[in-house]
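Subject: Structure handover

Hello,

Here is the structure I said I would pass on. My notes on what was found follow below it.

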Amino acid sequence: MTLAPVKSPSLDSGLTLDVSPVAGALGAEVRGLDPDGLDEQVAAALRDALDTHLVLFLPGLNPSVKQLRDIGALFGELEVHPYIDKVDDDTPEVCVLDTSATPKADIWHTDVTYSEHPPIAALLHMAQCPPAGGDTMWINCYEVHESLSAPMQAFLAGLTCIHDDGKQGSLRAEHPVVRVHPGTGRRSLYVNKQHGRRVPQLSRPESQALLGFLYRWQEQVKFSCRWRWSPGDVALWDERVTLHSIVDDIGDDDDTRILHRVTVLGDAPRPPAGAPSWDRQRSDKTAASGYYGLAGFEF
Ligand SMILES: O=C(O)CCC(=O)C(=O)O
Ligand SMILES: [Fe+2]
């Protein structure tokens with residue numbers, strides 16, 4: 001997909017949003033947003049920009065906690081996380097992510113795909129930024145799907161993948177391997193190696209080989225964009241059609257990296273219309289399963 005270099009939807013309110021791509025595959029900077037001037041027109045312009053660019057960056061916006069929540073609410077109902085720390089009690093939708101203190105998400109993933117209704121979008125505000133390192137990267141999963149051959153696309157359209165939370169599979173969900181975005185109608189590949197475990201229509205070794213191939217294929221740099229954070233930046237992405245990962249290269253262990261985070265609640269991923277439906281494998285206890293079922297893909 002080739003993206004227009006600059007897009008500037010002019011709103012009736014007189015506000016102009018300048019939307020300018022940051023990479024060939026996905027991602028755009030948005031300038032001109034007034035976090036106190038959010039209305040339906042601004043919402044429509046942002047949603048349109050998000051549908052086109054998949055990740056939006058609002059450089060130096062430095063929103064208040066309430067403003068961050070209100071920008072998130074333009075995209076849908078917000079999550080109130082049961083236990084992650086909140087910035088303050090008045091805005092339970094805004095969590096604190098201290099990536100200097102907690103394990104970093106330095107693996108390509110899509111958030112919470114072990115849920116039946118994974119999030120549709122997420123926002124991060126860089127509240128305390130390290131001087132260097134700790135960039136975040138995203139991948140365009142439409143492009144990943146489009147890069148596959150027609151027979152491979154046809155094969156994948158009829159498959160599902162079982163995702164779990166990695167804790168003995170206590171939370172798990174089954175989703176189509178190819179999903180259709182309800183807004184754009186486009187197909188994207190929907191597997192990620194943090195949570196994806198098994199394609200139940202295939203034997204265990206077949207599933208292992210296929211997922212291993214897809215994970216390697218989708219992680220190519222050409223499908224990605226990378227954001228070097230500055231203090232106050234906000235990133236907002238469509239969880240349905242992207243993967244992301246922090247780059248875990250913060251130079252000094254004493255550097256603090258604190259983000260404020262908002263999650264937009266999701267829907268059930270939808271498979272392509274008319275995709276074939278295959279039975280599950282009756283038994284996956286093949287002779288080879290002991291060998292191929294090793295390590296992270298074991299389910
Ligand atoms: O720390 C980051 O840059 C990304 C964290 C992350 O994976 C998330 O907020 O979902
Ligand atoms: Fe994440």
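Leaving aside its neighbours within four places in sequence, which residues is isoleucine 120 in contact with? They are Phe75, Gly76, Asp238, Glu239, Arg240, Val264, Gly266 and Asp267. Please keep in mind that this is a predicted model.

Some more on that residue. Isoleucine 120 sits in the loop between β4 (95-98) and β5. Is it buried or exposed? Isoleucine 120 is buried, because 20 other C-beta atoms lie within 10 Å and 20 or more is the cut-off for that class. Tryptophan 237 is 117 residues away from isoleucine 120 in sequence, yet their C-alpha atoms are 8.5 Å apart in space.

Overall make-up and confidence

The chain has 299 residues, of which 38% count as buried. Its secondary structure consists of 6 helices and 15 strands. Among contacts in the chain with a separation of 6 or more, 78% are between residues 24 or more positions apart.

The average pLDDT of the chain is 90, and 89% of the residues score at least 70. Residues 286-299 have a pLDDT below 50, and this stretch has 19 contacts in the model beyond near neighbours in sequence. Where pLDDT is low, the predicted coordinates should not be read in detail.

The core

The largest nonpolar core has 60 residues, and Val55 and Leu56 are the ones that touch the most other members. Strand β5 supplies the largest share of this core, 6 residues. In soluble globular proteins, nonpolar side chains tend to be buried together.

The ligand

Ligand 1 has around it Leu97, Thr99, Ala105, Asp111, Ala122, Leu124, Thr136, His244, Ile246, Leu259 and Arg261. Which elements give two or more residues to this shell? They are β5 (121-128), β14 (242-246) and β15 (258-264). Sorted by class, the shell is made up of 6 nonpolar, 3 polar and 2 charged residues.

Two positive phi values

Asparagine 62 has a phi near 45 degrees, which is a positive value in a residue other than glycine. Asparagine 62 belongs to the loop between β3 (55-58) and α2 (65-73). With 17 other C-beta atoms within 10 Å, asparagine 62 is partly exposed.

Valine 112 is also not a glycine, and its phi is positive, near 55 degrees. Valine 112 is located in the loop between β4 and β5. It counts as partly exposed, having 19 C-beta neighbours inside 10 Å.

Proline 182 is in the loop between β9 (178-180) and β10 (187-189). Is proline 182 buried or exposed? It is exposed, because it has 11 other C-beta atoms within 10 Å and 12 or fewer puts a residue in that class. Not counting residues up to four places away in sequence, proline 182 touches Asp267 and Arg270.

Proline 272 is placed in the loop between β15 and α6 (289-292). Proline 272 has 16 other C-beta atoms within 10 Å and is partly exposed. Apart from neighbours within four places in sequence, proline 272 has contacts with Ala157, Val178, Val180 and Arg187. Along the chain, proline 272 and proline 176 are 96 residues apart, while 8.6 Å separates their C-alpha atoms.

Proline 231 is part of the loop between β12 (224-227) and β13 (234-238). It counts as exposed, with 11 C-beta neighbours inside 10 Å. Which residues does proline 231 contact, leaving aside its neighbours within four places in sequence? They are Met126 and Cys129. For cysteine 129, the C-alpha atom is separated by 5.4 Å from that of proline 231, although the two are 102 residues apart along the chain.

Regards

Technical notes
Residues numbered from 1 in each chain as written. Chains lettered and ligands numbered in written order. Predicted model: local features only at pLDDT ≥ 70, side-chain atom pairs only at ≥ 80, totals over all residues. Near = placed C-beta within 6 Å. Helix = DSSP H or I, 4+ residues; strand = E, 2+ residues; numbered from the N terminus. Nonpolar A, V, L, I, M, F, W, Y, C, P; charged D, E, K, R; others polar. pLDDT = per-residue confidence, 0-100. Contact = placed C-beta atoms within 7 Å. Core = buried A, V, L, I, M, F, W, Y, C linked by C-beta atoms within 7 Å.
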